[in-house]
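Dear colleague,

I am handing over the structure below, together with some notes on what turned up when it was examined. Please read the notes with the coordinates open beside them.

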Amino acid sequence: DAVGALLQALNLAVPEYAHIALVVGGDGAPLSKRTGGKSVQELREQGFLPLAVNNYLARLGHTYESNSFMTLNELASGFALARLHRAPARYDEMQLLYWQKEAVRHATDEELWKWLSSSDYLKSGDIRSCIPKGQESTFVQAMRDNITLPNEAHAWARNLYTENGVFLTEAADIIRNAGPKFYKTALECLSSANVDFADYAEAVMNVTGLKGRALYAPLRAAWTGEVVDVMTPYDWRRGPELDRLWKLLGPQRIKRRLNAAIHLGED
C-alpha cells in the first residue's frame, strides 16, 4: 500500500498489521460504559495497579503459553500475532480483579506502601497518620494477602487502629457463644504471654482445652469485630493471620478488645 511504499522508500521497516478482536461486555454487545467498560483514568482512581491492567489487557483476545503474572518485558516478548483470537473477547471484571490481586502479591512492600499512602481513597482517611510510625511495613506485610484495592486497606486500618467497639452480627454471636469465661482466660493469658503469638495461643489452649477454629474464631471475632473478611465483595481470603494481627494491634489494644468481648458476653 501507499504507506508501505513510503516506508520502503525511506529505508524504514514496514510494520506488521493485525486485527484485534472486538471486546464485548457480558451481554455480548460491544463494550461500553453501559456494559461495564471503564477508562484508564477510572481504573487508576479505583486503585488498579498498572501491571494488573497490562496483564489483563494482554490476555484479552490473546493467549500466552504461560498464565503466570508477567512484567511488561515478559508480556511483550511472549506476544505473538498467531495467538490472537478471531472470536470477540469478553470483558470479565473478575478476571481483572484476579490480575490486580496478583499485582499486589508481586509488588514489594515499598511499592505497596507508596500505592496505599498515595491513593485518593486513603488520603481521605489519612492512613499515614492512622498507622503508628514504624508499623507501615508490618501493616503492608499483613495486608498484602487480604486486599485487592486500596479502600480495603483503608477499612482494615480503621478496624485495627480505631476503637469503635462495633461487632458485626456473626462476630457478636460467636463472642456470646464463647462466653465471658473464655475471654477472661484470654485476658489473663495476655499478661503472662511472651511477645510470640504462638506462645499466647498455646497458653489459652492449655487453660480452655480449645483448639483450631474453636480457639481462633472467638479471638478473631473479639480482636477485629469480624469472623471472615466481609469488608470486600471478593471472598478470596479470611483476613490477616492472627499472628500478624497480634503484631499490629499490640497488647493494649488486644486487652481493650477482650474486655469489650467480656462485656458483650455479660449483656
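**Helix packing and an aromatic cluster**

At 11% relative accessibility, Trp 246 counts as buried, the cut-off for that class being under 20% relative accessible area. Please keep in mind throughout that this is a predicted model.

Trp 246 forms an aromatic pair with Trp 223, in which the ring centres lie 6.1 Å apart and the planes make an angle of 40°, an arrangement classed as tilted.

The axes of α13 (residues 213–224) and α14 (residues 242–266) come within 8 Å and cross at roughly 80°, and because angles of 65 to 115 degrees count as roughly perpendicular, α13 and α14 are described as roughly perpendicular to each other. On the α13 side the contact is made by Tyr 216, Leu 219, Arg 220, Ala 222, Trp 223 and Thr 224, while the residues on the α14 side include Leu 242, Leu 245, Trp 246 and Arg 257. Sorted by class, this contact has 11 nonpolar, one polar and two charged residues.

On which helix does α13 pack at an angle of about 115°? That partner is helix α12 (residues 197–208), and the two axes are 11 Å apart; α12 passes α13 in a right-handed crossing. Phe 197, Tyr 200, Ala 201, Val 204 and Met 205 of α12 meet Leu 215, Tyr 216, Leu 219 and Trp 223 of α13, and these residues divide into nine nonpolar, no polar and no charged.

Turning to the rings again, the structure holds 11 aromatic pairs. One of them joins Phe 197 and Tyr 216, whose ring centres are 6.4 Å apart and whose planes stand at 40°, so the pair is tilted. Phe 197 lies in α12 and Tyr 216 in α13, so this pair ties together parts that are 19 residues apart in sequence. Phe 197 is buried, with a relative accessible area of 10%, whereas Tyr 216 is partly exposed at 36%.

Finally, ring pairs link Phe 197, Tyr 200, Tyr 216, Trp 223 and Trp 246 into a cluster.

How values were computed
Residues are numbered from 1 along each chain as its sequence is written. This is a predicted model: local features need pLDDT of at least 70, side-chain atom pairs count only at pLDDT 80 or more; totals for chains, interfaces and linings use all residues. Side-chain values use heavy atoms; hydrogens and water are left out. Axes are lines fitted to C-alpha atoms, for helices over the stretch in contact, and angles run from 0 to 180 degrees between N-to-C directions. Helices (H or I, at least four residues) and strands (E, at least two) are DSSP runs, numbered from the N terminus. Angles under 35 degrees count as roughly parallel, over 145 as roughly antiparallel, 65 to 115 as roughly perpendicular and the rest as oblique. Contact means heavy atoms within 4.5 Å. Ala, Val, Leu, Ile, Met, Phe, Trp, Tyr, Cys and Pro count as nonpolar, Asp, Glu, Lys and Arg as charged, and the others, Gly among them, as polar. A crossing is left-handed if the near helix is turned anticlockwise from the far one by less than a right angle, and right-handed if clockwise. Rings of Phe, Tyr and Trp (its six-membered ring) pair if their centres lie within 6.5 Å; planes under 30 degrees apart count as stacked, over 60 as edge-to-face and the rest as tilted. Buried means under 20% relative accessible area, exposed over 50%, partly exposed in between (1.4 Å probe, protein chains only).
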